[in-house]
Amino acid sequence: MSTSPLSANPASDGSRAQLIAFAVMVAVLLIAPIWVYPIFMMKVMCFALFACAFNLLIGFGGLLSFGHAMFLGSAGYVSAWCAKSLGLTPELSILAGTLAATLVAIVSGLLAIRRQGIYFAMITLALAQMIFFFCLQAPFTGGEDGIQAVPRGKLFGLIDLTSNTAMYGLVLVIFLGAFLLIWRIVHSPFGQVLKAVRENEARAISLGYDTDRYKLFAFILSGTLSGLAGATKALVFQLASLTDVHWTMSGEVVLMTLVGGLGTLFGPVVGAAVIISMQNYLAQFGAWVTVIQGVIFVICVLAFRRGIIGEIAHAIRKPL
Amino acid sequence: MKVEIVSADHQNKPDVGSQIANQWYDVDKVDAIVDLPTSSVALAVNEITRKKGKALLVSGAATSDLTGKACSPNTIHWTYDTWMLANGTGNAIVKTGGDSWFFLTADYAFGHALERDTEAVVQKNGGKVLGKVRHPLNTQDFSSFLLQAQASKAKIVGLANAGGDTTNAIKQAAEFGIVRRGQNLAGLLVFISDVHSLGLQTAQGLIFTETFYWDMNDQTRAFAKRFAPANRGIQPTMVHAGVYSAVLHYLKAIESSKTDDGSKVIAEMKRLPTDDPLFGKGSIRADGRKIHPAYLVEVKKPAESKGPWDYHKIRATIPAEEAFRPMDQGGCPMVK
Amino acid sequence: MEIFGIPIQALFGQLLIGLINGSFYALLSLGLAVIFGLLNIINFTHGAQYMLGAFCSYLLLNKLGVGYWWSLLIAPIIVGASGMLIERLMLARLYKLDHLYGLLLTFGLALIIQGLFRNEFGSSGLPYRVPAELTGGQNLGFMFLPNYRGWVVVTSLVVCLVTWYVIERTKLGAYLRAATENPQLVQAFGINVPRMITLTYGFGVALAAFAGVMAAPIYQVNPLMGADLIIVVFAVVVIGGMGSIMGAIVTGFGLGIIEGLTKVFYPEASNTVIFIIMAIVLLVKPAGLFGTQK
């Protein structure tokens, strides 16, 4: 039984860097809302979770999905609808949204996993487009208007989430919880097999692993956590719209993960923060946002493939 | 009075618009948001403005829900709305003989609303709707739908869509000889900028309703003269004019009520009658609807035009009281 | 006489319209298929390059007074040259890596090009007149066919078939196909493989620009005209078989017809039907209808 440095001794070199990074991240998230607008921070956390979930599939599983928006968006719609039309409490709405995304992930995963590489990407795109069409047509989604004025409600019937502070607390807990879950998964035996499949699938098969099953499970996990991000985001902004199921959203999450660093734990978080900040502070310049995103894409692919965290990790020679 | 202006592009996305609005109100101490095209974003910002007690002056968005079921004591809907478009254009066309219609509708809430409102008007005036077809938003090719419109032999082909869909449909209608072979196009939402991008050769004969045209009178021309050089030479559309008019009245209301608290200023704006060089005299109703006359417009033939942007001829004026939906029919909870 | 409630005359009209739209799909997917099939590059910039072709003809007309017929020749050359620059300066560095990096690079380039043009020209769309020689139309009985649309079908068919012939049946095409299968060996024979690749990429891009020039008179020339089209064209290429030229052509025309029929029976779905077909094909025959799994 091989022992990799990571699973054998949690306090070893590699993990210490990660623990420090985690502590820094938590500190930033706790303190930042004093200066930085809380809704902006919550948006960053939701997208960071989305990017982390996406990274689970591509960074650790080696599968590029071009349809991840379907999880973010469908969960958002279900969560918004539950909160607004059914009057469910926020934790139930978020749960419902996440389960919806899981369902979508199971069905689409079963269909998509059989293919690899570009075909896999294309099939996820096709499925995402069908979800988009469904969201466009279904009466409950409100089409172009989206579902608006979604009430945040009272968490567990007790804590009123209308105040940004309370909502921030909830989003922080969800984000950190999911992040730790991903961390645990990546460092678990399952995570190791996944990485093995990514590196050399044929060899993994020859060792007796049912690689399709591992990939499917990673896909479903990735989709579920993306759904969690989407369901939470719908309550933060109190609205669910077509933007979240459009294929350009799938492109954005790729960008965030790429900028931050594919296959690193903290990369997607940093990538999401960078991209969201850029979109926010450049909104006044209109179409320049798209141009700059394109430039970042190009630079990252040509010269900066490891991404921000990837470069740092490479420099300190520890995984992050 | 010190006035500071900030601006942003919401990219037609309700979530981007919401976030900007929230940040502006909470962090940047913005008092009023103006313009706001795209109905879905306007509805979202409408809610946020109400919650925070600020002021919203909508000129760009069309949905008549802003003065209907989504009406708010913090919002005034300027310039136009879907009901006005439907009734202005629909009424006028049916009365001049266009009594059979075929709808080409963009398949989203705005298109549906426009189609529904126009159909009601057509039928109320004794006309018939011979058919309708829904096309996806941002359709490039309308040939198939236009063919169906031709086959229906309706006198009027109503375009219940906007923006690129409308201009594409009009361009291709010209190609397929829709107008040449005896049918007429009714654009339900057309701006002079659309006419400019189509060119008169293609757009001639198009009939639609608007509430401002730069070449209507000396005052509008004076405004256009100031506007064009500052805006790459384009002439103002009714949306531009609406923003000007709304902000002017807003500032007057602040002066008169000596406060910039959103709800109070909006109430003062409703109390004061409006008067500006672009829309003339008008008023604002309890449901937040600004009232002013509307104009039925036809696009000139190339020979009739004396130069760039000389595109519209005013066919009829719809008085302010008739142009907009009666207050009791909107379902606005503030008015019950 | 009616089929499923639609009079047969109207149905023929719709089928013909579908064929016309199919020509654009065929031309565009041909360029993509050439680039992917021969170079293994997934060219997401294709939609933006289609738009560049249309804008090129617009600018040629409005700034230099150069008309449609010359634009058909000049615009593809200009845009194709820009494509070759992209290939030399950027894509060439990515050949050793996973294909998906090429996809991401070209995606980024598409964002840049579309963003720049949107900044400069707005998103309203610019007019471009049908050339005088092709205005008017023929009354075919079941519909009125504008001459220009007829011209589009004929030209696309010709260009597609000529391209297919060159690649599949001539010596040049054989060198190209050999070079992609085994570049080192072919280079050892003295053939300048990198230059062939650059020229091929340029050719594929030029095809996109050509489609753009053809589209300018009938669709609005606007910066986003390629944006939503690109994923449809991808779907066409994937269905046809990513390496297959004939597959792209047949599927392109086929999709046009199927979309035309969908517009009659269930128009709201006309944008989505291609993806449903793609999902089905990928599940049943992942290499595509005409493709061979590499």
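Two strands pair if DSSP finds at least two bridges between them. In this predicted model, Leu104(B) stands opposite Leu159(B) in strand 6 of chain B, and that pairing is one of several described below for chain B. Chain B is assigned two domains, domain 1 (14–80 + 218–229 + 237–284) and domain 2 (97–210 + 297–316). Chain C is in contact with chain A and also with chain B.

**Strand 4 of chain B and its partners**

- Strand 4 of chain B covers residues 100–106, and six of its seven residues are buried, so the strand is largely enclosed by the rest of the structure.
- Seven bridges hold the pairing of strand 4 of chain B with strand 5 (residues 128–135) of chain B, in the parallel sense.
- Within that pairing, Trp101(B) stands opposite Val129(B) of strand 5 of chain B.
- Strand 4 of chain B also runs parallel to strand 6 (residues 156–160) of chain B, and five bridges join the two.
- A right-handed β-α-β unit is made by strand 4, helix 4 (residues 109–124) and strand 5 of chain B.
- In a regular strand the side chains alternate between the two faces of the sheet.

**Three-stranded sheet of chain B**

- Chain B has an open sheet of three strands in the order 1-2-3, with parallel pairing.
- Strand 1 (32–35) and strand 3 (75–77) of chain B are the edge strands, each pairing on one side only.
- From one strand to the next, the twist averages 5 degrees.
- Strand 1 of chain B is joined by four bridges to strand 2 (residues 55–58) of chain B, and the two run parallel.
- Ile33(B) has Leu56(B) of strand 2 of chain B opposite.
- Helix 2 (residues 39–52) of chain B lies across strand 1, strand 2 and strand 3 of chain B, at about 155 degrees to strand 2 of chain B.
- Helix 11 (residues 262–271) of chain B also packs on the sheet and touches strand 1, strand 2 and strand 3 of chain B, with its direction at about 45 degrees to that of strand 2 of chain B.

**Domains of chain B**

- The centres of domain 1 and domain 2 of chain B, taken over C-alpha atoms, are separated by 29 Å.
- Five residues from domain 1 of chain B and eight residues from domain 2 of chain B make up the contact.
- On the domain 1 side of chain B, the residues that touch domain 2 of chain B comprise two nonpolar, three polar and no charged.

**Contact of chain A with chain C**

- Chain A puts 31 residues in contact with 32 residues of chain C.
- On the chain A side, helix 6 (117–137), helix 11 (247–260) and helix 13 (288–303) each supply at least two residues.
- Helix 6 of chain A provides the largest share of that side, with 12 residues.
- The side of chain A that touches chain C has 22 nonpolar, eight polar and one charged residues.

**Contact of chain B with chain C**

- The contact involves 26 residues from chain B and 29 residues from chain C.
- Strand 5, helix 5 (143–152), helix 6 (163–175) and helix 7 (192–198) of chain B are the elements that give two or more residues to the chain B side.
- Helix 6 of chain B gives the most, with six residues.
- By class, the side of chain B that touches chain C holds seven nonpolar, 14 polar and five charged residues.

Key. Residues numbered from 1 in each chain as written. Chains lettered and ligands numbered in written order. Predicted model: local features only at pLDDT ≥ 70, side-chain atom pairs only at ≥ 80, totals over all residues. Contact = placed C-beta atoms within 7 Å. Nonpolar A, V, L, I, M, F, W, Y, C, P; charged D, E, K, R; others polar. Buried ≥ 20, exposed ≤ 12 C-beta atoms within 10 Å, placed from the backbone. Right-handed = clockwise from strand over helix to strand, strands pointing away. Domains from an automatic or database assignment. Axes fitted to C-alpha atoms, helices over the stretch in contact; angles between N-to-C directions.
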